[in-house]
Each structure stands twice: as C-alpha cells, then as structure tokens.
Amino acid sequence: GGGGISAYFLNLLHFCVWSCCVFEQTYVFNHDSFNFNFGQAKAFLGQYKEAEEYLMAVQSEKVKADYVYLSWLAKCFIMNQKPNMAWDLYMKMDTSQESFSLLTIIANECYRVGQSYSDSKLLCATTCRGFD
C-alpha cells in the first residue's frame, strides 16, 4: 500500500542525509552546526556514544541553551548510563514549560531503560519546583 512507499522514501531520504553528513564530516571538522546535526543523526540511529561526543563538541552557548540540543544530549546521557549528567542539564534550567518537558524526557527515558537513579529526584522536582 501507500505506507510501504512512504516508508521507502523516508528511508531513502534518511540514507541520503546520512551519506551527506559522512561526506561533510571530513570537511566541516569542529563546526557547531555540523556537530549538532550529526549528533542528532547519530542519536536517531541509536549510536548514543558517538552522538554524545558530537553534541558535547558544540561550543556555541546559544546552541547549548537550545531545548532540542538539551533534550538530545539528555537522552544520550541516559542511554550511556549517565543519568546524573542528564539531571544536571535539567537543574541548570529555569523553571519553564521547556524545563518540565526536559524533566519528562529524563523520567521517561530513565524508566524505559530501567535506570531508577532519578526516581526520587524527579518526584521532588515536579513537586518542589512549582510546576502546575
């Protein structure tokens, strides 16, 4: 049916983007946009160790404050058995809808991979930081 064709084109598109990133890796060494985008691509593919390395190579404070960047980095930390580092990302944020969303990602990912490290901290955060 139509779903098979859509999936085929999405996979083809993903392969093309991946191929371009691998090609550009040689030429765009230490560029924040490349590191951010390549880190996201690696995380999407489940290659969390490499994704974390690329995301951590980002130098721009503007990018490092971006919610999308923080959420991918938090997921990488959790998947790499470093939930405390994901928690630190959350604690550095001001109380906002984005911080609550990051907290939700951290809680869900920790639960999904069986890391109970953050359970009590997450409960406290949702009750102590004034989320409605």
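Reply: Lys82 pairs with Glu52 in a salt bridge, with 2.7 Å between the closest N and O atoms; the term stands for a side-chain nitrogen of Lys or Arg within 4 Å of a carboxyl oxygen of Asp or Glu. This pair ties together distant parts of the chain, 30 residues apart: Lys82 sits in the loop between helix H5 (67-79) and helix H6 (83-91), and Glu52 in helix H3. Helices here are DSSP runs (H or I, at least four residues), numbered from the N terminus. Glu52 is buried at 9% relative accessibility, while Lys82 is partly exposed at 28%; buried means under 20% relative accessible area, exposed over 50%, and partly exposed in between (1.4 Å probe, protein chains only).

Keep in mind that the model is predicted, so local features need pLDDT of at least 70 and side-chain atom pairs pLDDT 80 or more, whereas totals for chains, interfaces and linings use all residues. Residues are numbered from 1 along each chain as its sequence is written, and side-chain values use heavy atoms, leaving out hydrogens and water.

Back in helix H3 (residues 48-56), Glu53 and Lys49 are four residues apart, about one helical turn, and their side chains form a salt bridge at 3.1 Å, N to O. Lys49 is exposed at 55%, and Glu53 partly exposed at 45%.

Helix H4 (residues 61-64) has Glu61 and Lys64 three residues apart, again about one helical turn, bridged at 3.6 Å, N to O. Glu61 is exposed at 58%; Lys64 is partly exposed at 31%.

Elsewhere, salt bridges link Lys75, Glu109 and Arg112 in a network. The structure holds five salt bridges.

How values were computed:
Helices (H or I, at least four residues) and strands (E, at least two) are DSSP runs, numbered from the N terminus.
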